[in-house]
Amino acid sequence: MLSTDLLRDAAERFGTPLYVYDADELDAGLERVRAAFGGARVFFAVKANPNLSLLKHMAGAGLGFDCVSYGELCRAEFLGLAGERIISNGPAKSQAEYDLGARLGVTFIVDRVEEVGLLPPRSRALVRVNPALQISTHDHLATGSAASKFGVTPEQVPLVLKALREAGHRALGLHVHIGSAIRDAQDFTAAYARLAELRSQTGPLEVFDAGGGWGIGADLHGIAREARHAAGVFDAELWVEPGRYLVAPAGVLLTTVVGVKRTGRNFCLVDAGMTELIRPMMYGAAHPLTPLWGGTQVETWDVAGPACESGDLLARDVPLPEPSRGDLLVIGEAGAYGAAMSTTYLTRARPAEVLRRSGEWQLIRRREEPQELWQTEL
Ligand code: LLP
């Protein structure tokens with residue numbers, strides 16, 4: 001993480017709430033992935049952080065993009081990425097996604113049997129398989145469980161591959177992504193093993209896409225070993241699609257204490273909340289908090305945002321020294337699905353984003369103005 005002095009400097013220059021990223025930390029994440037996955041092709045899951053400057057950084061490092069919407073494909077096109085470096089994924093793609101995907105020459109992930117008939121002519125395609133396992137993550141983050149809407153069943157795989165080939169598409173192989181923020185490597189082992197069982201029916205394949213989903217602190221080498229093994233079973237090239245693992249540790253959300261309230265509970269009121277970081281409310285996510293103030297009297301506090309919603313709590317019952325108006329709080333592991341999921345609810349303009357790179361600040365997204373938010377309204 002960036003030093004306390006640098007974070008204070010950022011808050012002073014750019015104001016809060018503010019997303020702050022560290023390019024060195026991004027590069028460290030990339031290195032860790034490369035070290036674990038060796039020659040695998042890495043596609044960054046754009047959804048985790050679609051900021052153009054970060055995407056450019058990733059593309060410059062040789063990564064491709066995993067896109068899940070027309071808008072994300074537009075970003076890839078805008079950055080001039082070649083088609084073979086783009087994956088188009090999603091359970092309900094729009095016609096615009098097929099059209100732009102065809103123009104760019106992307107690889108489509110086929111998510112259901114019926115989708116074969118919707119693909120543009122002579123598409124490159126992978127079949128997404130749902131191994132229907134118990135996944136050890138929040139329900140909303142599990143995509144490889146039987147109740148999830150994603151992928152085809154293992155039993156349907158031969159049928160979909162056959163349909164793809166008969167329709168003149170290039171069926172490259174299989175894709176599996178079982179969920180997000182998964183720390184237990186066993187989940188990946190089980191999923192990859194379930195897919196490897198299909199080898200007798202599929203024959204050798206060109207590509208095995210092991211998805212992403214690696215939680216911060218997950219055993220990356222263990223996951224990589226299993227993914228490589230499964231790819232080997234199919235004599236296939238290994239592809240991966242990490243999002244969180246690459247960017248979450250490289251970003252923090254800086255917020256300023258607006259005041260305190262004592263009502264039997266202790267509330268530390270800050271200038272960021274559910275509109276800037278919805279993960280605590282949506283997934284019960286616990287982001288590490290670092291107060292940039294000192295004090296000896298430590299009590300437990302609820303950190304609450306400014307929204308008119310009781311659920312607007314960034315953390316509950318956290319030990320903090322007595323906060324005062326103007327103090328800075330650092331919310332960690334916010335580089336993934338933080339700014340990306342910020343909203344303009346309550347006509348709250350979205351925060352600025354800055355990148356620390358080569359000893360300098362780079363404003364990579366200016367703070368929005370409320371007046372911009374009604375420009376599309378008639
Ligand atoms: N590949 C596919 C097909 C995905 O759907 C996802 C994420 C990824 C890769 C990247 O997963 P990651 O490595 O980042 O875990 N908003 C939630 C996370 C949703 C993830 C959706 N899919 C959150 O804030 O935790």
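In which loop is the place of proline 17? Proline 17 sits in the loop that runs between helix H1 (4-14) and strand E1 (18-22). The views below come from a predicted model, in which local features need pLDDT of at least 70 and side-chain atom pairs count only at pLDDT 80 or more, while totals for chains, interfaces and linings use all residues. Residues are numbered from 1 along each chain as its sequence is written.

View 1. Threonine 16 and proline 17 are joined by a cis peptide bond, with omega at about -5 degrees. Most peptide bonds, by contrast, are trans.

**View 2. Helices H4 and H5.** Two packed helices are described by the angle between their axes and the distance between the axes. Helix H4 (residues 70-78) and helix H5 (residues 95-104) have axes that come within 9 Å and cross at roughly 25 degrees; axes are lines fitted to C-alpha atoms, for helices over the stretch in contact, and angles run from 0 to 180 degrees between N-to-C directions. H4 and H5 are therefore roughly parallel to each other, a term used for angles under 35 degrees. From H4, Tyr70, Leu73 and Glu77 meet Ala96, Glu97, Leu100, Gly101 and Leu104 of H5, where contact requires C-beta atoms, placed from the backbone, to lie within 7 Å. The residues of this contact of H4 with H5 divide into five nonpolar, one polar and two charged; Ala, Val, Leu, Ile, Met, Phe, Trp, Tyr, Cys and Pro count as nonpolar, Asp, Glu, Lys and Arg as charged, and the others, Gly among them, as polar.

**View 3. Helices H7 and H9.** Helix H7 (residues 185-196) packs with helix H9 (residues 220-233) at an angle of about 0 degrees, and their axes are 9 Å apart. H7 is therefore roughly parallel to H9. The contact of H7 with H9 is made up of nine nonpolar, two polar and one charged residue.

**View 4. Leucine 346 and threonine 347.** Although leucine 346 is not a glycine, its phi is positive, at about 65 degrees, and threonine 347, also not a glycine, has a positive phi of about 50 degrees. Leucine 346 belongs to the loop between strand E15 (328-331) and strand E16 (352-357). Leucine 346 is partly exposed, since 14 other C-beta atoms lie within 10 Å, whereas threonine 347, with 10 such atoms, is exposed. On this scale a residue is buried with 20 or more other C-beta atoms within 10 Å of its own, exposed with 12 or fewer, and partly exposed in between, the C-beta atoms being placed from the backbone.

**View 5. Positions listed by UniProt.** In an unreviewed entry, UniProt lists Cys308 as "active site"; UniProt positions are given in the numbering used here, feature names are shortened, and annotations may be inferred rather than shown by experiment. Cysteine 308 lies in the loop between strand E13 (298-304) and strand E14 (313-321), and with 7 C-beta neighbours inside 10 Å it counts as exposed. The unreviewed entry also places "binding site" at Arg244, Arg279, Tyr283, Glu309 and Tyr337. Arginine 244 counts as buried, with 26 C-beta neighbours inside 10 Å, and arginine 279 is buried with 22 other C-beta atoms within 10 Å.

Definitions and conventions: Helix = DSSP H or I, 4+ residues; strand = E, 2+ residues; numbered from the N terminus. Parallel < 35°, antiparallel > 145°, perpendicular 65-115°, else oblique. Contact = placed C-beta atoms within 7 Å.
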